[in-house]
Amino acid sequence: MFLSVKGLSKSFGELDVLKTINITIDEGNIITIIGPSGSGKTTLLRCLNALEIPDEGVLAFHDGFEIAFGNKLKKKKLMELSRKAGMVFQSYNLFPHKTALQNVTEGPLIVQNRNKNEVLELAESLLHKVGLADKMNLYPHQLSGGQQQRVGIARALAIEPELMLFDEPTSALDPELVGDVLKVIKDLAKEGWTMVIVTHELKFAEQVSDSIIFMDQGQIIEQGPPSQVLKHPKHERTSQFIQRVVNP
Amino acid sequence: MEHWQRSLKSGLVKMFLNNIVFAVTGDMTGWELFKNSLLPMIQGGIKYTIPLTLISFAIGIVIALLTALMRLAKTKILTVPARVYVSAIRGTPLLVQLFIIFFGLGSIGLTIDPFPSAIIAFSLNVGAYGSEIIRASIASIPKGQWEAAQTIGMSYSQSLRRIILPQATRVSIPPLSNTFISLVKDTSLASLILVTELFRKAQEIAARTYDFMLLYVEAAILYWVICFVLSIIQDQIENRLNRYVAR
């Protein structure tokens, strides 16, 4: 067990976005979360990284780090949680005033205070890995969406997180740019990263996932291997959703 | 051209300048008065107008940044004093503030010299107006930038310093330049609390020569020149900060 999520709940005002979510994530597992918009999948992902603070629930990590929501939490503890995971955003959120290389070095250099040469070497190798070795000194606005998203992935990897979170990493991309980004994520999967991915790309989910979670209205409706959830869903709502995505 | 033609022509030009554009004052022509008063006015500008502007602006920006951060904080202990300060400064005339600090405080035993009085008043003004500009530019930076900074482990102050403020600065340069240029002109109010800056010099010479039109237009031209130079500097800063923005 790498991470166990117990009884996670979150509401925005009257609206219950997450209703008592329980999941276990094993080391090296790739979990994909699918579901209609407004189902709470992005909120769930953001709760794993302290970008959203749940109202209730417990996150327990393999190393004994545990965080129980509900009462007031220390900032330090939340920062520790957010440092455990690297996050890739739907809209990339690159720092526009920094080059691709500076975007990647910012975390290890400024936050982790690591040796400059070591960080440069790390950043260069990460940008090489995502296929942008020749774009290192360009600013985000000089890159295509797919390239920006790959810088985003390199930036998240640079802090050497234990867990990688992807929030619809290809939703904002032109169709012809989706492939490059998905390929990078597939490579990470082969390296054994533990990942949680929110996506609409069912074919991709089928290829990389160890487990797929289908969410609707703040609840986990169904969870299982891709062969089950995508091909032989047990629930009516799951098959309806898959039908709609496949044949819009 | 014959010699007499040339001298007639230059004589006519001189007459035109002396009698039509500038009135003749005593035994000094308008042009001479213009030239002779230029030096004292420029001296007033260099000794007082420009230092007053630069020092007040520097202090004012620090006050503005702190006030903006207080306004953006989540506790009332910080937001309320910031709001009251901004409201009070923006709601009262600068001239009245200057008089309170110089004459008012002086009359209750707290005497401050003219120059520091002016610095205090102008700094407080820049602080109030600038804080609204800085607050709005910080608020204009997308929430995703804060979130991205947080996910790479940055604290609030690291995010602010490294990610948010550099971007907010670019947004705030045009409106802050407005504040700066207004400040250059507002320093002329310091003449009323006896700071011998550019406009005070113009007033002093005008009082002696009665040549109000000439001297006040001359003062206006000098302010215009200063502001013109400043707007060129503003353009250059903007171009520099825009280098990472798609065009």
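Guide: In this predicted model, two strands count as paired if DSSP finds at least two bridges between them. Strand β1 (residues 3-12) of chain A is joined to β2(A) by seven bridges, so the pair meets that condition, and the two strands run antiparallel. One place to look is A:Ser11, which stands opposite A:Asp16 in β2(A).

Visitor: What is the order of the four strands that form an open sheet in chain A with antiparallel pairing?

Guide: The order is β2-β1-β4-β5 of chain A. Because β2 (15-25) and β5 of chain A each have a single partner strand, they stand at the edges, and one side of each is left without a neighbour in the sheet. From one strand to the next, the twist averages 10°.

Visitor: Which strands make up the open sheet of six, and how is its pairing described?

Guide: Its order is β6-β7-β8-β3-β9-β10 in chain A, and the pairing is mixed. The edge strands, β6 (85-88) and β10 (219-224) of chain A, each pair on one side only. Neighbouring strands of this sheet are turned by 20° against each other on average, with direction ignored.

Visitor: How do you know that β6(A) and β7(A) pair?

Guide: Four bridges join these two strands, which run parallel, and since at least two bridges are required, they count as a pair. A:Ala85 stands opposite A:Leu163 in β7(A). On the way to the next strand, five bridges join β7(A) to β8(A), again in a parallel run, and there A:Asp167 has A:Val198 of β8(A) as its bridge partner. Strand β3 (residues 30-34) of chain A pairs with β8 (residues 194-198) of chain A in the parallel sense over four bridges, and A:Val198 is also the bridge partner of A:Ile33.

Visitor: Why is A:Leu73 called partly exposed?

Guide: A:Leu73 has 14 other C-beta atoms within 10 Å; a buried residue needs 20 or more, and an exposed one has 12 or fewer, so the value falls in between. The place of A:Leu73 is in the loop between β5 (66-69) and α2 (75-84) of chain A.

Visitor: Is strand β7 of chain A mostly covered or mostly open, and how many of its residues are buried?

Guide: Four of the five residues of β7 (residues 163-167) of chain A are buried, and the strand is therefore mostly covered by the limit of 20 or more C-beta atoms within 10 Å. Across the 248 residues of chain A, 47% count as buried.

Visitor: Which residues have the most contacts inside the largest nonpolar core?

Guide: They are A:Ile33, A:Val104, A:Leu126, A:Leu127, A:Ala154, A:Leu165 and A:Val196, in a core of 67 residues. Helix α5 (residues 145-158) of chain A provides the largest share, six residues. Leaving aside residues up to four places away in sequence, A:Leu126 touches A:Val104, A:Ala154, A:Leu157 and A:Ala158. A second, separate core of 33 residues includes B:Ala118, B:Ile138, B:Leu176 and B:Val195. In soluble globular proteins, nonpolar side chains tend to be buried together.

Visitor: How do you know whether the radius of gyration of chain A agrees or disagrees with that of a compact globule?

Guide: With 248 residues, a compact globule would have a radius of gyration near 18 Å, and chain A has 18 Å, so the two agree. The C-alpha trace of chain A spans about 50 × 45 × 30 Å along its principal axes.

Visitor: What does the UniProt record say about residues 3-242 of chain A?

Guide: The unreviewed UniProt entry annotates them as "domain: ABC transporter". In the model, this span is 39% helix and 26% strand, and its end C-alpha atoms lie 28 Å apart.

Definitions and conventions. Residues are numbered from 1 along each chain as its sequence is written. Chains are lettered from A and ligands numbered from 1 in the order in which they are written. This is a predicted model: local features need pLDDT of at least 70, side-chain atom pairs count only at pLDDT 80 or more; totals for chains, interfaces and linings use all residues. Axes are lines fitted to C-alpha atoms, for helices over the stretch in contact, and angles run from 0 to 180 degrees between N-to-C directions. A nonpolar core is a set of buried Ala, Val, Leu, Ile, Met, Phe, Trp, Tyr and Cys residues joined through C-beta atoms within 7 Å. Two residues are in contact if their C-beta atoms, placed from the backbone, lie within 7 Å. The radius of gyration is taken over C-alpha atoms; the globule rule is 2.2 Å times the number of residues to the power 0.38. UniProt positions are given in the numbering used here, feature names are shortened, and annotations may be inferred rather than shown by experiment.
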